[in-house]
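Biologist: I have a model open and want to learn how to read its features. Please take me through them one at a time.

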Amino acid sequence: MAKMVVLQQHQPSFSPLSSSLSDFNGTKLNFRVQYKRKAYRPKGALHVSASSAKKILIMGGTRFIGVFLSRLLVKDGHQVTLFTRGKAPIAKQLPGESDEDFADFSSKILHLKGDRKDYDFVKSSLAAEGFDVVYDINGREAEEVAPILDALPTLEQFIFCSSAGVYLKSDLLPHCETDAVDPKSRHKGKLETESLLESRGVNWTSIRPVYIYGPLNYNPVEEWFFHRLKAGRPIPVPSSGIQITQLGHVKDLATAFQIVLGNEKASREVFNISGEKYVTFDGLARACAKAGGFPEPEIVHYNPKEFDFGKKKAFPFRDQHFFASVEKAKHVLGWKPEFDLVEGLTDSYDLDFGRGTFRKEADFTTDDMILGKNLVLQS
């Protein structure tokens, strides 16, 4: 693995995790960052909304991020419409959500059924509605966004869910919003969308999450670990296990999306959003065990170059250091994550996996390949 260098000028300072990995939440950041704009710190609870009720369209909204975001916006008094293909219920009661809250939400949320790749329909239906604000949660390509902009020439704000995966791989970490980007990354469509928004002169805001976790997560992030912990199996971790990564809770991400709405400090700006702390792969395995009330996990390290897993994914994270600074969002927007890592994983486990609602069936095929080879080497 390449040596990691952490920038000291205009960047957060970083101290590696101790070898014991006793701090499940990772390493606390000590920041000394200055911005041209004066830091914005709202009084009381972190809650910023537009000055008046808006007619809002969410592209997507029935899975994960949009589920939590739509509830925040409805509670703020906005008229919220979800644009989906109609394959999933528009309103579904969340674990822990009261009957009263769910009834209030489901009576107010609206639906526009269609395929976002049917560009003619997108143009005609959106033009007829005349939305003030668009949240694009599931957009992947710039060509999917252009018809939306064409249909809404007086759009007040376009808020886009991008990805920290657009950054160019670097030995200088954490990634900041001004870092070089990779036009060949698998998230290049999101990068091209950001460029389109800038070129069209609209009032846009782009949010770049790192790894997202939390209740309803359809990506096997924390679920991958919980599957193995619940089955009492060892946890295979590639290489040394001290690769450093970063996770952000979905509810904290939804709050960030809420805060940028109607916020002039967010105009034509990019913000990294994730947790405040970094964690190693081994530390994450232990954090998941703590969150789910499991014993200390058995962690097995392996060299991924020694295996041919075919198209199967043996581990849910990229095998490298990957994390980003969230200082800009904290200083400019006044945003701060509510969940630390163990609290967030506990929230996810209790609301999803503790109720037996795993999103995907466990597949231990690659684990068995790794563990089988390890047993041969030990014999």
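Biologist: How many salt bridges does a search of the whole structure find?

Modeller: First the criterion: a side-chain nitrogen of Lys or Arg within 4 Å of a carboxyl oxygen of Asp or Glu. With that cut-off, the search of the whole structure returns 19 salt bridges. Keep the basis in mind: this is a predicted model, where local features need pLDDT of at least 70, side-chain atom pairs count only at pLDDT 80 or more, and totals for chains, interfaces and linings use all residues. Residues are numbered from 1 along each chain as its sequence is written, and side-chain values use heavy atoms, with hydrogens and water left out.

Biologist: Which residue forms a salt bridge with E129?

Modeller: K55 is the partner, and the closest N and O atoms are 3.2 Å apart. The pair links distant parts of the chain, with E129 in helix 3 (residues 119–129) and K55 in strand 2 (residues 55–59), 74 residues apart. Those elements are DSSP runs numbered from the N terminus: helices are H or I with at least four residues, strands are E with at least two.

Biologist: What does K123 pair with?

Modeller: K123 forms a salt bridge with D150, and here the closest N and O atoms are 4.0 Å apart. K123 lies in helix 3 and D150 in helix 4 (residues 142–151), so the bridge ties together parts that are 27 residues apart in sequence. K123 is partly exposed at 36% relative accessible area. D150 is partly exposed too, at 40%.

Biologist: Where do R208 and E194 lie?

Modeller: Distance first: R208 and E194 form a salt bridge whose closest N and O atoms are 2.6 Å apart. R208 lies in strand 8 (residues 204–209) and E194 in helix 5 (residues 188–199), so this pair ties together parts that are 14 residues apart in sequence. Both residues, R208 and E194, are buried.

Biologist: Which residues are linked in a network of salt bridges?

Modeller: E276, E327, K330 and K336 are linked in one.

Biologist: Now the backbone. Which residues does a cis peptide bond join?

Modeller: L173 and P174, with omega about 5 degrees. P174 sits in the loop between strand 7 (172–173) and helix 5.

Biologist: What is phi of F64?

Modeller: Phi of F64 is near 55 degrees, a positive value in a residue other than glycine. F64 is in the loop between strand 2 and helix 1 (65–75). Its relative accessibility is 4%, so F64 counts as buried.

Biologist: And what is phi of R268?

Modeller: R268 has a positive phi of about 55 degrees, although it is not a glycine. R268 belongs to the loop between helix 7 (250–260) and strand 13 (269–273). At 34% relative accessibility, R268 counts as partly exposed.

Biologist: Zoom out. How many helices and strands are in the protein chain?

Modeller: The chain has 11 helices and 15 strands. Of its 379 residues, 55% count as buried. Contact means heavy atoms within 4.5 Å. Among contacts between residues at least 6 apart in sequence, 82% join residues at least 24 apart.

How values were computed
Buried means under 20% relative accessible area, exposed over 50%, partly exposed in between (1.4 Å probe, protein chains only).
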